[in-house]
Amino acid sequence: MLVEQKRWMTAEEFNEIYALCQFLPGPNIVNLAAVFGSRMRGATGAAAAWSGFLVLPFCVMLLVGMLYLQYGDLDVLRRALGGIAAWAAGLLIATFAKMATPLFRSFGPAPFVLLVTAGAIGVMRWPLLWVMVVLAPSSVALAWWRR
Amino acid sequence: MKADGDILVILAVQFAIIALLSLGGANAVLPEIHRQAVDLRGWITERQFADMFAIAQAIPGPNVMIVTLVGYQVAGVWGALVTTLAMCGPTSVLAGVLSRTWDRFKDAPWWVTMHAGLVPISVGLVGATAIVLLTHVAVQSIAAGVIAAATAAVAYWTRWNPLWLMGAAGLAGLV
């Protein structure tokens, strides 16, 4: 919409910003709204785009949260949600596979770092903060050394 | 459902930290949210977490909105507001500030190296999320495992709209 309908930015600009936002911490798409707003109108624009982007989903989620608290124990809902949770897990696995495939094709430390991260968090269930404090500098150092 | 100040502060601090560590987006930190909210503090049950994940994925809007549901469950409307702001606020400021100076260093060797070092971590985090979801979502029944596997296969190899599958999965859960 930003590129094709309103012509507020070029496709190239959009791709660059999108890549940056995927890489930075934080919800990607929310970051994207903030960065886009700040490019258009500075800090005010960022605040406007950011809140405009979040207000509606927030209200919807609040409503759903209330309904869930009230009716979350209904048998019909329980079973439907069970199916949808499995669906969502499947989607996430596909996303992961798509992200991981190019890394496993490359040589170097990337596949190793990926597996260590997944094992430390997913299997060992270690605290994210400590895992990142150790792994992030190590991985960057490895990348520097392999350069 | 009392929203006393202490719990709001805890929510704000925890979720701001999680947000700043969320390389790769909201899906990368689901295991940490799970660890904090279910295992460590007992704010929500295993089942509620699975439900909230399903709801946040199924409803249009950013996936990060699972934190709104968690916050609401823990401390009502204020809880929802605090977790959402903590999760989306600081990192957006960071992104906004960085994007202004980014043109100057996007080709610098240190940035390229940092990028190369951190990308496998962010992918690994999503992999960890997949592991946690599988061990807590799909193990409950064989049917759920089949749904997860089928969805993953279709989403990986075809370009079908995933929402059709969601409808099918929800119906399959009813049977």
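Reader: In which helix of chain B is B:Q57 found?

Author: Helices here are DSSP runs of H or I with at least four residues, and strands are runs of E with at least two, numbered from the N terminus. B:Q57 is found in helix 3 of chain B, residues 46-58. This is a predicted model, in which local features need pLDDT of at least 70, side-chain atom pairs count only at pLDDT 80 or more, and totals for chains, interfaces and linings use all residues. Residues are numbered from 1 along each chain as its sequence is written, chains are lettered from A and ligands numbered from 1 in the order in which they are written, and side-chain values use heavy atoms, with hydrogens and water left out.

Reader: Is B:Q57 buried or exposed?

Author: Buried means under 20% relative accessible area, exposed over 50%, and partly exposed in between (1.4 Å probe, protein chains only). B:Q57 has 16%, so it is buried.

Reader: Which residues is B:Q57 in contact with, beyond its neighbours within four places in sequence?

Author: Contact means heavy atoms within 4.5 Å. With those neighbours set aside, B:Q57 is in contact with A:W87 and A:A88, and with B:N27 and B:N63.

Reader: How many helices and strands does chain A have?

Author: Chain A has 5 helices and 0 strands. Its radius of gyration (over C-alpha atoms) is 20 Å, well over the 15 Å from the globule rule for 147 residues, so chain A is more spread out than a compact globule. That rule is 2.2 Å times the number of residues to the power 0.38. The C-alpha trace of chain A spans about 55 × 45 × 30 Å along its principal axes.
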